[in-house]
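Here is a walk through one structure in questions and answers. Each answer sets a value against the rule behind a word.

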Amino acid sequence: MKITCNRETLANSFALAQNAVKSQSPKPILRNVKLEVVNNEIVLFATDMEMGIRVTLPCEEVGDPGCIMLPADRVMALLRESRAEMVTIESDRTKTVISADSRFVFATEDPDEFPGTPIFEENNYIVTKARYIKEGIRRTIFATDSESGRFALSGVLMDYKDNTLSFVSTDGRRMAAQQVEASVQGEYPSEKTAVATVRSLTLLDRLLQHGDADVSIVLQDSTFMIQSENVFYYASLLEGRFPEWRAAIGQLRNPQSVELPIQLFSQAIRLASIVTDKASPGVVMELENNQMTVSALNIERGEMEKSFALDYPEGEMAMKLNGEYVAAFLKTVSEDTVVKMNFVDERTGVLFETSDGYRYLVMPMQLDRKKKVETAQEVAEDAEDMSQE
């Protein structure tokens, strides 16, 4: 085999394929990227047997077509370090020579021992935009539960129904759901679900480089498949039953709703994080007389309070939420996003929602109403008195 191609294009494509390579794979052959020349195109393929990435790119000159294995880490380092415009690769199936502004010779493993190169051949699939998928991943991936024995909770649910694709995650104490527009090609089922691993979606986010690109998606029983531009990607799914998320999101009956001044609210939550910690993450939010007061209290770290105006003319309400959970949500929305906070009482979950289909449900923490305005010093004195008794 002998080919010549643009070095930068090959390097960028090789970097995408290399994402599926495990450098410490127990199977040495899987530490390689397979390069195959098909119809004047270069096809790169890598897999760790749980996921696979196939990338195609143009080849400027094909002297002799063929298929070879390239050691992923060494070839990637070579392509990044070189400054040559073109690179030539030739192989006699025992060794491979790569020439650019330097010359490297590598031993070549047998490509017949590598898994076959898959292609996207589906006629029935879901279609959406890359930017929608990337947003769905970013807005849900942080709310999974990696420590639970329920495997499904450690991943993100992809739920297609009625021309809407939803990304959903939960750890049992909060739930994030992002709905995105989608359509179908062919005769795709009206409803289909799959639970993807965090690793596979993190990688998918990197693979989708152009937000306006169309993405074709197939959700199967054990894998999901993606085709977008010159990249084909598949990954294994998690087993297990995912909670009925629509019922959980819709649990608030006749809620009150306020539109948050997002910049002031975000600042208040960041300030609260100065005095909260993992052992005591609670942040109190009090609504009264067109004002919200955000406060936090920690015996060791001190206390914090910030008030600001919002539209809440009637009654009063107080609720206590995990500040880390609220902060994680706020990191996924921009400061010009309209965010509504929906609530019923201090014992019911609080639902944050945006106009672009994002909903985030947080279960409340117990609110101590006996001492709503109590200083950290008073708390410490009470604790000392109790210990002396």
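Q: What makes the crossing of α3 and α4 left-handed or right-handed?
A: The crossing of α3 and α4 is left-handed. A crossing gets that name because the near helix is turned anticlockwise from the far one by less than a right angle. The model here is a predicted one.

Q: At what angle do helix α3 and helix α4 pack, and how far apart are their axes?
A: Helix α3 covers residues 130–138 and helix α4 covers residues 198–207. They pack at about 145°, and their axes are 10 Å apart.

Q: Which residues in α3 and α4 meet?
A: From α3 come I133, K134 and I137. From α4 come L201, L204 and D205. They are in contact because contact means heavy atoms within 4.5 Å.

Q: How many residues in the contact of α3 with α4 are nonpolar, and how many are charged?
A: There are 4 nonpolar and 2 charged residues, with no polar ones. Lys and Asp count as charged, so K134 and D205 make up the charged part.

Q: How do α1 and α2 cross?
A: Helix α1 (residues 7–18) and helix α2 (residues 72–81) cross at roughly 145°. Their axes come within 9 Å. The crossing is left-handed.

Q: Which residues make the contact of α1 and α2?
A: In α1 they are R7, L10, A11, F14, A15 and Q18. In α2 they are A72, D73, V75, M76, L79 and R80. By class, this contact has 8 nonpolar, 1 polar and 3 charged residues.

Q: Where is A272, and what does A272 touch?
A: A272 is in helix α6, residues 262–272. Leaving out residues up to four places away in sequence, A272 touches V283, A296 and M304. A272 and A327 are 55 residues apart in sequence, and 9.9 Å apart in space from C-alpha to C-alpha.

Q: How much space lies in the second largest pocket, and which residues are closest to its centre?
A: About 230 Å³ of space lies in the second largest pocket. Its lining has 15 residues, and L157, D159, T193, F242 and E244 are the closest to its centre.

Q: Which element gives the most to the lining of the second largest pocket?
A: β15 does, with 5 residues. β11 (155–161), β15 (191–197) and α5 (245–249) each supply at least two. By class, the lining has 6 nonpolar, 2 polar and 7 charged residues.

Note on methods
Residues numbered from 1 in each chain as written. Predicted model: local features only at pLDDT ≥ 70, side-chain atom pairs only at ≥ 80, totals over all residues. Heavy atoms only, no water. Axes fitted to C-alpha atoms, helices over the stretch in contact; angles between N-to-C directions. Helix = DSSP H or I, 4+ residues; strand = E, 2+ residues; numbered from the N terminus. 1 Å grid on protein atoms, 1.4 Å probe; cavity = no way out; pocket = protein on both sides within 12 Å on 5 of 7 lines; lining within 4 Å. Points joined across faces, edges and corners; volume = space filled by probe spheres on them.
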